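This report describes the fold of one protein chain, working from its overall make-up to single residues. The sequence and structure come first.

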Amino acid sequence: MRPLKLKMSAFGPYKGEVAIDFTAFSQSALFLVSGPTGAGKTTIFDAIAYALFDKPSKDGREKDTYKSDHAGDTDLCYVELEFELGQKRYTVRRMPNQTGPGTRSRTKQIGASVEFHQGDQVTTKINEANKEIEALLGLSHDQFRQIVMLPQGDFKRMLDSNSTDKEKIFRNIFQTRPFEAFQETLKEKAKELKQKRDGYEQAVSMAFEALDTQGVEALDKAVKQFDISKVLEEADKLIAVDTQKLEDARTQIRLLQKEQTDCQRLIEQLEKQRLLKQKQGQLNGKEEQIRGFKKQLEQNKEARQLLEAKQQAEALQQERKEAEAKLQELKHVQHTLVRQVESAEKDLKNREESLQQLDQVRETIQQLKQEQSRLQDMQTRYEAVKQAEKEQQTKALNQGRLEKEEEQLKIVIQQEQAELKELQKLKDSFSRQYEQIGQLKEEKTVALQKLEKLEELCRLREQGTKVKQAYVRAGDALGQVSEQLEQARKVYYGNMAVVLAGDLEAETPCPVCGSKAHPQKAQPSSETVSKDTVDQLEAQKAAKESDYHTVMAQLKQLSDTVSQRCEELEIDHREADQVFRQTKEYSQQVSRKVDQLEEDLKQKQKRVEKEAELSRQLEVHQQKERELSQSLLELKSDQQHQKKQIESLKNEARELQASLSFDDEEALQKAISSKETQVKETEAQAAAEREKMQALKSKQSANHQAIELTAEQSHKLLDKEQQAVEGFDQLLEASQLATDFADFILAEQGIQSHEQAISEHEKARHSLAEQLRDLDAQLAEVQELQSVEAYQSRSQEISQRLPELERQRDELITSIGQNTRATESIRTHQSKSQALEQDFRVYSELAVMAGGTSTETDRVSFERYVLGIYFDEILLAANARFGDMTHHRYELRRKMDAAKGNKPKGLDMDVFDYETGKLRGVNTLSGGESFKASLALALGLSDVIQSQSGGVSVDTLFIDEGFGTLDADSLDKAIETLLDLQERGRLVGIISHVDELKTRIPSHILVERTTNGSTVRVETI
């Protein structure tokens, strides 16, 4: 990744938009960022990290606090970075949460946003953009800070990181996730196989518990001994025996159930036969009644036909008489209509003569309406005069109000101009206060750096006190064990001498001294010590000696470190606590003073922030003053014009009034309405009479047609009546019923009742005959047919025997099913468990070895073993530069010995000191040496990445401070190393206050601090 262009707006100390073109450093890719403390040098690196990862280059600041304190609410804070990766260019633009410019309102709350441009594609969702950029770079934010950007105070993180931290960093860089995934796959596979195997074994155990042994001694014994093959053998035997018993029980049950069913069937058939014969006798008794119902229905039908014919003849007679009466009435109406038509014709003739006289009335109405229009024009002009005079009064009042408002506005403008002059004087004092705050902050920084060193010194002294105490305890423990060992040896060897003395004989040489005389033989001691006791005490002494020398070495190392820190601080170690307290108190005093000055400055800035608003208000008020003056001029001009208009309207109204004959509009309107009413009434009367004439003629014609139709209908009805009477007489003569035939008519309910009774009787007889025939045929097939009581007795006996047989059957079914499922489960899971065992052993051993938990692999995982190869290459590349920068005194080496406990190992490192010829921890390097080692390590990692052409491309390195810890010679070596990187095409940016760097590095980014925010200027060769 190589930055090309960076834009910052209202970001940190930068009020306006600033742009940095990194392509300007093409001739010299090594550049220095310089400027006073607090000006915003580190902010440049913060902006790059924020654009890429949505986080700053160092901890301690929230991203939503980036907006500049110098910027206003209407200024927009954003960062835009264009960078190159491979042969492609990308652009990312980010904005934090902020108060920014609105559209309808002056300001509004703006949420965080991002735009990540990849060619034609744009990502605008923050989480998606973060993931895409991290995947593109192949580095997380923390890894970026350890490899590409070394923030102030963080340059040692890569150097001090343990194996686990380096593994996370290198995994992305060298794409070793497949190895990690392989380890996890082995681990999960072994876990899965173990779970399955344990599950199968558990299933077999549960199947054993599920067996119903029924007290079979051989099966019970096999279950207790967990003898799977014997259990299966005995269980199969038991299942076979139970199966035969089950078949016998089922046969007996089926036979008894069939016999019981036959008994029940015969009982039902015999009972049914008795009931059917009883019902047949009841039906035979109703035959006479049914024959009577049939005769009554036939007589009812004949009587209804006679009644219908008689009613039809009577209806036709009545209809004919009504038609004849209607005909007489229509003829009378026709005579009346003829007389009415003649009268209406005379009235219409008289009304038409009146219509001819209306033309003169209409002319009079037209003249009156013209006079009405002139009267309304006169009234309109008089109303306009009143309205104009009213407006004149209102304008006069407005004129007075505007003149008063103009006078007050002039006073406000004078006050605002005076306040702006005062704010300008306040702004002029900011530079001196900024300078004072900057000096105090530099003093505070120096004090905090000293305080940090003093705090470390005090902590080392406190640690030294504890180590001294441990040293004394270790010495005491070693002395005690030594005394115990010496005493035990004396007793042990004394007892050995007693044993030897017991074997001595006169004139026989002693095996110890060779003397043949034994004047004083060793006597046995009251104490007894074994050889094992002596060996244990010797082992304890060796362990205590190791602890003693370890603590002594720690004490020596702490003493040397304390001396070195005291020498750097130029104090006596006994003064450390006092100097720490004094420095802390001084730092707090400076902090309070800085806070007071910044709070005072903040209050002044708040007042100054009103300047722009005050200027805008002044402009608004001055504009309003000009508008008021213009309004007053226009108002006076309008008043003059309106005065002339009022006089003209009065003259026109007087002229119209002189031409009128009516003074009152109401009287004039009444005269017009009277004439118009006369015209309308005359026209309406004529129209009504015409309509009346037409209606009478229509009625006369319709009535004539009705007379003709009614006469014709009367003749037809007379013919139908004669035919109906003749038909009735013929039916009555042919019938067996007399003239009282109406007495034989049945009600509708009686008819339905008779028909239903006849139908049900016939159906019942037919059904009963069929049932008796079928039942007799079924009973005829039974051999030795018995009584109902005999069959009931046998069915009861069977019901008493069946429950016991069914209980035995159900118990056998349950036992057989339970044992069958258990044996099947045992066979299935035992087979699966045996098949899995071999696979589990293989995967388990592989998972332990690949996962780094095996002592055979020295607790190094497969992935960390692969990364160790890359790490060796990194150290090789790093040592090429580290050796040059330290005059070949130091060399970084990978730590190969076992880590403490079960901690991961394989990616830790030590430093070899060629002056002492010993290895020591990298944390023992001084500040300047640590910076060199960290720089060499970062450059070595970059070299290996480039050579491996992995998923990460590192073409850039940013370093924030750290050079102040180097002496002149070390500084030369560091600069030579960085210049070598420049020649290889890498972009290297440095933030430093070291003056010598300003002369050695020609390309600069100059950050300047002003009262209105910082600015940036780029200088290149």
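## Terms and overall make-up

Two residues are in contact when heavy atoms of theirs lie within 4.5 Å. The model shown is predicted. Its protein chain holds 20 helices and 17 strands. Of the 1021 residues in the protein chain, 36% are buried. Among contacts in the protein chain with a separation of 6 or more, 76% are between residues 24 or more positions apart.

In soluble globular proteins, nonpolar side chains tend to be buried together. Here the largest nonpolar core comprises 46 residues, and Leu6, Met8, Phe22, Ile44, Leu52, Phe83 and Ile1005 have the most contacts inside it. Helix H1, spanning residues 41–53, is the element that gives the most to this core, with nine residues. Another core lies apart from it and has 31 residues, including Ala878, Leu907, Leu937 and Val944.

What is Ile1005 in contact with, leaving aside its neighbours within four places in sequence? Its partners are Ile20, Phe22, Phe25, Phe31, Leu32, Val33, Ser34 and Ile44, together with Val1016, Arg1017 and Val1018. Two of these partners, Phe22 and Ile44, are also listed with Ile1005 among the residues with the most contacts inside the largest core.

Strands of a sheet pair through backbone hydrogen bonds, either parallel or antiparallel.

E5 and E8 run antiparallel and are joined by five bridges; Arg93 stands opposite Glu115 in E8. Strand E8 (residues 113–118) also pairs with E9, in the antiparallel sense and over three bridges. His117 has Val122 in E9 as its bridge partner. E8 and E9 form a hairpin with two residues between them, and Gly119 in the turn has a positive phi of about 65°.

Pro56 sits in the loop between H1 and E4. Is Pro56 buried or exposed? Pro56 counts as buried because its relative accessibility is 10%, and the cut-off for buried is under 20%. The C-alpha atoms of Pro56 and Thr43 are separated by 8.6 Å, the two residues being 13 residues apart along the chain.

## The helix pair H8 and H15

Two packed helices are described by the angle between their axes and the distance between the axes. For helix H8 (residues 228–284) and helix H15 (residues 748–780), the axes come within 10 Å and cross at roughly 145°. The crossing of H8 with H15 is left-handed.

On the H8 side, the residues that meet H15 are Leu266, Gln269, Leu270, Lys272, Gln273, Leu276, Lys277, Lys279, Gln280 and Leu283. On the H15 side are His761, Ala764, Arg765, Leu768, Gln771, Leu772, Leu775, Asp776, Gln778 and Leu779. Sorted by class, this contact has nine nonpolar, six polar and five charged residues.

H8 also contains Glu234. With 10% relative accessibility, Glu234 counts as buried. Not counting residues up to four places away in sequence, Glu234 touches Ala218 and Leu219.

## The three-stranded sheet

Three strands form an open sheet in the order E11-E12-E13, again with antiparallel pairing. Strand E11 (890–894) and strand E13 (918–921) are the edge strands, and each pairs on one side only. From one strand to the next, the twist averages 35°.

E11 and strand E12 (residues 909–913) run antiparallel and are joined by five bridges. Arg894 stands opposite Met909 in E12. Helix H17 (residues 862–885) packs on the sheet and touches E11 and E12. The direction of H17 makes about 175° with that of E11.

Technical notes. Residues numbered from 1 in each chain as written. Predicted model: local features only at pLDDT ≥ 70, side-chain atom pairs only at ≥ 80, totals over all residues. Heavy atoms only, no water. Core = buried A, V, L, I, M, F, W, Y, C linked by side-chain atoms within 4.5 Å. Buried < 20%, exposed > 50% of the residue type's maximum accessible area, 1.4 Å probe, protein only. Helix = DSSP H or I, 4+ residues; strand = E, 2+ residues; numbered from the N terminus. Axes fitted to C-alpha atoms, helices over the stretch in contact; angles between N-to-C directions. Left-handed = near helix turned anticlockwise from the far one by under 90°. Nonpolar A, V, L, I, M, F, W, Y, C, P; charged D, E, K, R; others polar. Pairing = 2+ DSSP bridges.
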